[in-house]
Amino acid sequence: MSTAPDSHDQLERTLLSWRRTALSLVAAGLLVAHVAGRGLGPVGLAVTLMGTAGSVAFVWLGHERRIAATGLALVLGVLLLGVVAVVGVTTG
Amino acid sequence: MARCAAETCETPPTLRPVDPDDDRGRWPSWVYGAGSTPDPRFSMANERTFLAWVRTSLALLAGGVALDAVDLDGPRGLQTAIALVLVVLGLLGATAAWVRWATTERAMRVRRPLPSTAVLAWFALVLMVVAAALVVLVL
């Protein structure tokens, strides 16, 4: 097997993996936003949607050499959703 | 993306040969400040593992929220507790994923053994307990 197609494949798989994860964050964000809208009101809904959008935009447009920062933005998006979900579960 | 013959392909930007000192200014310095740049394929595999952990965390989080939203016949307190455990597990999983990515990247740079998978064992253990509690809740 030649090296170059294998390298292209690795890069494509990694880029697709980033975008797949960002889309998963969108899906989870919409689910949590639904809970936040019911339990926490419009402020909770706005924070959830804007936080998710910000995180996804950072990941989608992130430069490939800033992996640590892009990954941290992704994790922060998950943490925001988790905090909102914890509040929604405990108050709902 | 269109495929091309190996001899006509350009090397993708991230796979170009890199200067070992090129990473020195990158953040976080405790990862990139030591050792030398590993094979890009290993770094990308590390990235994909990190992303798989994040997706797993998102699935746990979504599962917890969904569990809280449905009406089951079992005790409401147990249902809320399981939902909370799933959400908190998702939070911890995402955080552990980033830390694990960073420690693995550093280990590859300094040619040390990769970090252990103790977190994975704890995850599996907690998920087994959650699954058992779900059985009690549903039956």
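Reply: **A loop and the helices around it**

Arg111(B) lies in the loop that connects H3 and H4 of chain B; helices are DSSP runs of H or I with at least four residues, numbered from the N terminus. The model is predicted, so local features need a pLDDT of at least 70 and side-chain atom pairs a pLDDT of 80 or more, whereas totals for chains, interfaces and linings use all residues. Residues are numbered from 1 along each chain as written, chains are lettered from A and ligands numbered from 1 in written order, and side-chain values use heavy atoms, without hydrogens or water.

Arg111(B) is not a glycine, yet its phi is positive, at about 60°. This residue follows H3(B), a helix of chain B that covers residues 76-109. At 1.5 Å a residue, the 34 residues of H3(B) should span 50 Å, and the end C-alpha atoms are 49 Å apart, which agrees. The expected span is 1.5 Å times one less than the number of residues.

Axes are lines fitted to C-alpha atoms, for helices over the stretch in contact, and angles run from 0 to 180 degrees between N-to-C directions. From H2(B), Trp53(B), Leu60(B) and Leu67(B) meet Leu120(B), Phe123(B), Leu127(B), Leu134(B) and Leu137(B) of H4(B), where contact means heavy atoms within 4.5 Å. By class, this contact has 8 nonpolar, no polar and no charged residues (Ala, Val, Leu, Ile, Met, Phe, Trp, Tyr, Cys and Pro are nonpolar; Asp, Glu, Lys and Arg are charged; the others, Gly among them, are polar).

H3(B) also packs against H3(A), at an angle of about 170° and with the axes 10 Å apart. That angle makes H3(A) roughly antiparallel to H3(B). In their contact there are 18 nonpolar, 6 polar and no charged residues.

Within chain A, H3(A) has a further partner: H2(A), residues 41-61, packs with it at about 165°, the axes being 9 Å apart. H2(A) is therefore roughly antiparallel to H3(A), and the crossing is left-handed. Among the residues that meet are Gly51(A), Ser55(A) and Phe58(A) in H2(A) and Ala73(A), Gly77(A) and Leu81(A) in H3(A). By class, this contact has 9 nonpolar, 6 polar and no charged residues.

Pro28(B) belongs to the segment before H1(B), residues 29-32.

As to confidence, the model scores ipTM 0.92 and pTM 0.87. Chain B averages a pLDDT of 86, and 83% of its residues score at least 70; pLDDT is the predictor's confidence in each residue, from 0 to 100. Over residues 1-9 of chain B the pLDDT is below 50, and beyond near neighbours in sequence this stretch has 10 contacts in the model. Chain A averages 89, with 90% of the residues scoring at least 70. Among the elements of chain A, H3(A), residues 67-91, has the highest mean pLDDT (94), and H1(A), residues 3-39, the lowest (88).

Technical notes
Helices (H or I, at least four residues) and strands (E, at least two) are DSSP runs, numbered from the N terminus. Angles under 35 degrees count as roughly parallel, over 145 as roughly antiparallel, 65 to 115 as roughly perpendicular and the rest as oblique. A crossing is left-handed if the near helix is turned anticlockwise from the far one by less than a right angle, and right-handed if clockwise.
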